[in-house]
Amino acid sequence: MSKLEKYPKYKDSGVEWLGEVPEHWEVKPTKRFHKNKKEINTKRNCDNVLSLTLRGVVNNNIDSPEGLVPKDYATYQIFEKDNLVFKLIDLENISTSRVGLVHEKGIMSSAYIRLKVGKNSLPRFAYYYFYNLYLNQVYNNLGSGVRSTLGPTDLLNILYIKPPKQEQTKIANYLDQKTAQIDKAISLKEQMIEKLQERRQILINDAVTKGLDPNVKMKDSGVEWLGKVPVDWEVKRLKYIFKIRKRIVGILGYDVLSITQKGIKIKDITSGEGQLSMDYSKYQLVYKNEFAMNHMDLLTGYVDISKYDGVISPDYRVFTLEHRSCSKEYFLYLLQMGYKNRIFYAYGQGVSMLGRWRFPSDNFYNFFMPIPPLKEQVEIIEYIKENTQKIDKAISLQQKQIEKLKEYKASLIDSVVTGKVRVV
């Protein structure tokens with residue numbers, strides 16, 4: 001089945017996004033081949049919770065489920081093995097899951113659409129066909145309404161192409177084999193990226209806490225998370241290094257900033273991006289080259305030096321470097337390490353079950369950090385930049401190769417499942 005060629009004759013499907021299809025394939029609305037049936041779990045006969053994810057349909061844990069949880073699973077609907085499940089709500093979001101093939105009987109959200117595959121159709125072929133529509137953003141372009149949604153009737157009116165059953169089997173088997181090979185290659189590259197990222201972080205950790213000379217004499221820092229440091233390094237509380245600033249803006253005349261895992265960025269408040277505030281006049285000022293950190297969530301928060309003058313959430317912490325013998329860049333590496341290694345988490349307070357684990361001002365000011373001589377700080381910064389640049393380049397290469405593999409996978413599915421090429 002490795003040979004791919006054109007079919008002898010084609011015909012116009014009648015829709016632009018599908019184009020020409022093999023002449024002997026049927027082209028009719030989905031409702032001519034498949035049925036939509038909604039069966040609510042009213043009597044709670046089924047407790048096998050499934051979830052539609054970007055990885056497909058997966059088992060969930062009813063006692064400790066991931067994602068949104070209903071008040072009562074009696075509102076969920078029942079799906080049978082080999083049904084198709086569609087999430088055709090909020091179609092403006094092009095990066096979420098849209099379609100999956102159900103591997104066993106279970107329950108999922110009543111907001112999803114259930115499709116029972118017809119007797120003369122192979123469920124795996126039907127899945128690849130509808131998954132291909134997802135890859136080509138057909139659902140997103142057809143969506144309408146306030147929430148950009150497609151209902152069961154809309155789905156049933158979408159054109160479906162049905163090759164003879166024997167061809168469906170060949171196509172599904174071919175795509176199973178090829179996509180598995182591509183997914184394995186992608187997985188190996190993702191593992192390589194993880195290893196490179198780990199190497200990058202270890203390099204930074206060692207440099208900012210141990211210095212660059214492996215033969216230097218060490219001393220006990222007296223700080224549990226830090227351990228031993230070079231003998232000529234100081235260890236001081238952050239209250240001797242930074243000063244917290246709190247300047248409420250009063251009126252909004254600045255860019256609104258947000259802190260992400262990639263650093264501080266300007267937030268587009270006109271597009272509804274992320275969480276929006278009812279009153280930006282209560283936000284606080286942060287100036288260029290000042291530090292800002294999301295200390296309200298020590299698991300997903302972060303810290304960065306602002307490249308902009310702007311305003312940021314009043315719940316965040318803005319602070320300036322006051323110690324003359326300290327480099328901003330050196331301490332940024334240290335502070336970011338505090339998040340990445342969850343060092344700050346051990347000194348936080350709050351309710352971890354609610355995902356709110358804060359770093360109060362007193363804990364922040366009394367947190368110990370190492371201070372090498374300024375000359376050594378500069379050397380450490382240069383060393384980190386030079387070596388992480390090489391690692392970042394290797395990561396970028398792997399990411400580009402992953403994107404090419406994903407593009408190839410999408411192109412392969414599209415070509416085979418719509419009959420642009422023939423599986424022999």
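Predicted model: local features only at pLDDT ≥ 70, side-chain atom pairs only at ≥ 80, totals over all residues.

**Note on the structure**

1. Arg 44 is found in the loop between S5 and S6. Arg 44 is not a glycine, yet its phi is positive, at about 55°. Because its relative accessibility is 52%, Arg 44 counts as exposed.

2. Glu 39, in the loop between strand S5 (35–36) and strand S6 (50–53), is paired with Arg 114 of strand S12 (residues 113–116), 75 residues apart. The closest N and O atoms of Glu 39 and Arg 114 are 3.7 Å apart, and the cut-off for a salt bridge is 4 Å. Glu 39 is partly exposed, with a relative accessible area of 32%, whereas Arg 114 is buried, at 3%.

3. Gln 137 lies in the loop between helix H1 (123–135) and helix H2 (138–142). Its phi is near 60°, a positive value in a residue other than glycine. Gln 137 counts as partly exposed, at 32% relative accessibility.

4. Helix H4 can be checked for length. With 46 residues at 1.5 Å a residue, H4 should span 68 Å, and the distance of 66 Å between its end C-alpha atoms agrees with this. Just after H4, Gly 211 takes a positive phi of about 85°.

5. Which residues touch the most other members of the largest nonpolar core? They are Phe 86, Phe 130, Tyr 139 and Phe 242, in a core of 96 residues. Helix H4 (residues 165–210) gives this core its largest share, 12 residues. A second, separate core has 8 residues, including Leu 50, Val 57, Val 85 and Met 108.

6. Leaving aside residues up to four places away in sequence, Phe 242 touches Phe 291, Phe 319, Thr 320, Leu 321, Glu 322, Phe 331, Leu 335, Phe 364 and Tyr 365. One of these contacts, Glu 322, also takes part in a salt bridge with Arg 245, at 3.2 Å from N to O. Glu 322 is in the loop between strand S24 (317–321) and helix H5 (328–340), and Arg 245 is in strand S17 (residues 242–245), so the pair links distant parts of the chain, 77 residues apart. Glu 322 counts as partly exposed at 41% relative accessibility, and Arg 245 counts as partly exposed at 25%.7. Asp 183 pairs with Lys 409, the closest N and O atoms being 2.9 Å apart. Asp 183 lies in helix H4 and Lys 409 in helix H7 (residues 374–417), so this pair ties together parts that are 226 residues apart in sequence. Asp 183 is partly exposed, with a relative accessible area of 35%, while Lys 409 counts as buried at 16% relative accessibility.

7. How many salt bridges does a search of the whole structure find? The search finds 14. Among the residues that take part, Glu 26, Lys 28 and Lys 162 are linked in a network. In general, side chains of opposite charge can pair when their charged atoms come close.

8. Gln 77 belongs to strand S8 (residues 77–79) and is buried, with a relative accessible area of 1%.

9. Are Cys 46 and Cys 326 buried or exposed? Cys 46 is buried, with a relative accessible area of 11%, and Cys 326 is buried as well, at 9%. The structure holds 0 disulfides.

Notes. Residues numbered from 1 in each chain as written. Heavy atoms only, no water. Core = buried A, V, L, I, M, F, W, Y, C linked by side-chain atoms within 4.5 Å. Buried < 20%, exposed > 50% of the residue type's maximum accessible area, 1.4 Å probe, protein only. Helix = DSSP H or I, 4+ residues; strand = E, 2+ residues; numbered from the N terminus. Contact = heavy atoms within 4.5 Å. Disulfide = S-S within 2.5 Å. Salt bridge = Lys/Arg side-chain N within 4 Å of Asp/Glu carboxyl O. Expected span 1.5 Å × (residues − 1).
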